Amino acid sequence: MALTMKDTFYISHGAPTLAIDKSIPARHFLQSWKDKVFPQKPKAILVISGHWDTSFPAVNIVHRNDTIYDFYGFPDSMYKLKYPAPGAPELALRVKELLMASGFKRVDEDRERGLDHGAWVPLMLMYPEADIPVCQLSVQSKRDGNYHYNLGKALAPLKDEGVLIMGSGSATHNLRALRMVDGIVPWALEFDTWLKDALLQGRYEDVNCYQEKAPHAKMAHPWPDHFYPLHVAMGAAGENAKAKLIHHSWQHGALSYASYQFKSAS
């Protein structure tokens, strides 16, 4: 019998230093993943990361994932970290097949790309053995929340095939507004609270239309690339899915590490 995944996830991965900084609370949350959050071992993992943004959906088709250092000016030790997870070429082609069958007319194949830090930093803490095949799917930041929700909806069958679907972004992501201060800036708190209430109350339509509905939407996400992975995870869980806040912490006054689990209704 095939392994079935009832849940999809949205992980706020915050700053790349999550990989090395033991003082970040979200690091401890991710390290406790297998014990406390999700003990099932998936057959493969599909990551939708805010750090891969393309005009059309794209999947990476590789046999071994390289570690991409897509960040600048960080400590040298970060550029030595490796997460050599196997690729998941069969999953990549299955993702393409599902999307095209759902009306996405073009899905590109990238046969060189490995894992960006939106994928490997959280996975390194969640599954340090790097023994589970991983595939990435890109976001399209010129499209909207409904588009990404429908992208997720098309991927729902993967849960019955033992695939863990994980969006990786940031619940708030305005890097120019980060401050080395105590306390949380009001606009970030208001947006983050609105998001939590909307998700826990099942108001997924509002989250899809967050640019019109949410307070300080443009301030919280000047660019939507780190928010759309949430819509994909939400869509893949299904319309009657129950959302649960599984971690919450802040960094630099405006960066929310809120992470969510979506439990399918069936």
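Buried means under 20% relative accessible area, exposed means over 50%, and partly exposed lies in between (1.4 Å probe, protein chains only). This is a predicted model, where local features need pLDDT of at least 70, side-chain atom pairs count only at pLDDT 80 or more, and totals for chains, interfaces and linings use all residues. Residues are numbered from 1 along each chain as its sequence is written, and side-chain values use heavy atoms, without hydrogens and water.

**Salt bridges**

- A search of the whole structure finds eleven salt bridges, each a side-chain nitrogen of Lys or Arg within 4 Å of a carboxyl oxygen of Asp or Glu.
- Asp-7 pairs with Lys-263, with the closest N and O atoms 3.0 Å apart.
- Asp-7 sits in strand S1 (residues 7–12) and Lys-263 in strand S10 (residues 259–263), so this pair ties together parts 256 residues apart in sequence. Strands here are DSSP runs (E, at least two residues), numbered from the N terminus.
- Asp-7 is buried at 4% relative accessibility, whereas Lys-263 is partly exposed at 41%.
- Arg-113 bridges to Asp-116, with the closest N and O atoms 2.9 Å apart. Both Arg-113 and Asp-116 are buried.
- Lys-213 bridges to Asp-206, with the closest N and O atoms 3.8 Å apart. Lys-213 is partly exposed at 47%, but Asp-206 is buried at 18%.

Key:
Helices (H or I, at least four residues) and strands (E, at least two) are DSSP runs, numbered from the N terminus.
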